[in-house]
Amino acid sequence: MADGADRIGLLGGTGDLGFGLALRLAAAGVPVTIGSRVAERAADAAERVRAAVPDADVDGAALPDVGPRSRIVFVCVPFSAQADTLKAIAGTLVDGVVVVDATVPLGPAVGGRPTQLVGVWEGSAAQRAQALLGRDVQVVGGLHTIGAAHLAELDSPMDEDALICGDDKAAKRQVAELLEQIPGLGVVDCGKLDASRLLEGFTPVLIGLNIRNKTRTGIRITGLVREPDAAPTR
């Protein structure tokens, strides 16, 4: 078991997106801590990951216990739970931690449809996360176009790009280097954090495509110069 703040934290790791990401990272040999409001639920999710990936270094913890152990923390919760989740960890994060916010303000949060995007006062969910956590925490927005169901299928390689954005280049590099350990998943830097209001808008578009076509869509950015035999990068 890795010690200290060198693990990857997954808040909402008991949900579909967080659990799928936990599976992929664990399969890549990355130490993972799954966080939940209820520690027992997090421990149960960690056990399910170990059942799928027997050698996985994964454990579960209550939300406030994830931050002190993590160098990168993913927030994979519904929009309705975002504020409470971030407030639960705001004072626990170690210096230099990067928070990756995958929240999308979708219609169901206010009784609407999943193909609707809800307006956010700060501009986007990721910008809201930055406001709640303060400027000392580096927030990166991303993973809005990555399907949870595909992540959970370990036997099926990924074939898409994760679009990320943020104001700190070093933070984005850390996130890219981590996610590129997932076979077939590329990472594309889409600019400053204010681009998150555009990236989050891709999610309801893809949901609509999936519903109409009864499929699972993803995004691959073409025309970029990429390293041979490497996952797509910035």
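Helices H1 and H2 are oblique to each other, an angle class that takes whatever is left after roughly parallel (under 35 degrees), roughly antiparallel (over 145) and roughly perpendicular (65 to 115). This is a predicted model, where local features need pLDDT of at least 70 and side-chain atom pairs count only at pLDDT 80 or more, while totals for chains, interfaces and linings use all residues. Residues are numbered from 1 along each chain as its sequence is written, and side-chain values use heavy atoms, leaving out hydrogens and water.

H1 covers residues 16-27 and H2 residues 39-52; their axes come within 10 Å and cross at roughly 45 degrees. Axes here are lines fitted to C-alpha atoms, for helices over the stretch in contact, with angles from 0 to 180 degrees between N-to-C directions. The crossing is right-handed, meaning that the near helix is turned clockwise from the far one by less than a right angle.

Which residues make the contact of H1 with H2? Phe 19, Ala 22, Leu 23 and Ala 26 of H1 meet Ala 45, Arg 48, Val 49 and Ala 52 of H2, contact being heavy atoms within 4.5 Å. Seven of these residues are nonpolar, none is polar and one is charged. An α-helix has 3.6 residues a turn, so residues three or four places apart point the same way.

H1 is largely enclosed by the rest of the structure, because ten of its twelve residues are buried. Buried means under 20% relative accessible area, exposed over 50%, and partly exposed in between (1.4 Å probe, protein chains only). Among the buried residues are Gly 18, Gly 20 and Arg 24. The buried residues of H1 pack against strands E1 (7-11), E2 and E4 (70-75), as well as helices H2, H5 (148-151) and H6 (169-179). After H1 comes Gly 29, with a positive phi near 85 degrees.

Strand E2 (residues 32-36) contains Ser 36. Ser 36 is buried, at 6% relative accessible area. Leaving aside residues up to four places away in sequence, Ser 36 touches Thr 14, Arg 41, Ala 42, Ala 61, Ala 62 and Leu 63.

Gly 91 lies in the loop between helix H3 (79-89) and strand E5 (98-101). Is Gly 91 buried or exposed? Gly 91 counts as exposed, with 76% relative accessibility. Its C-alpha is 8.5 Å from that of Leu 133, 42 residues away in sequence.

Just after H8, Lys 214 takes a positive phi of about 50 degrees.

Definitions and conventions:
Helix = DSSP H or I, 4+ residues; strand = E, 2+ residues; numbered from the N terminus. Nonpolar A, V, L, I, M, F, W, Y, C, P; charged D, E, K, R; others polar.
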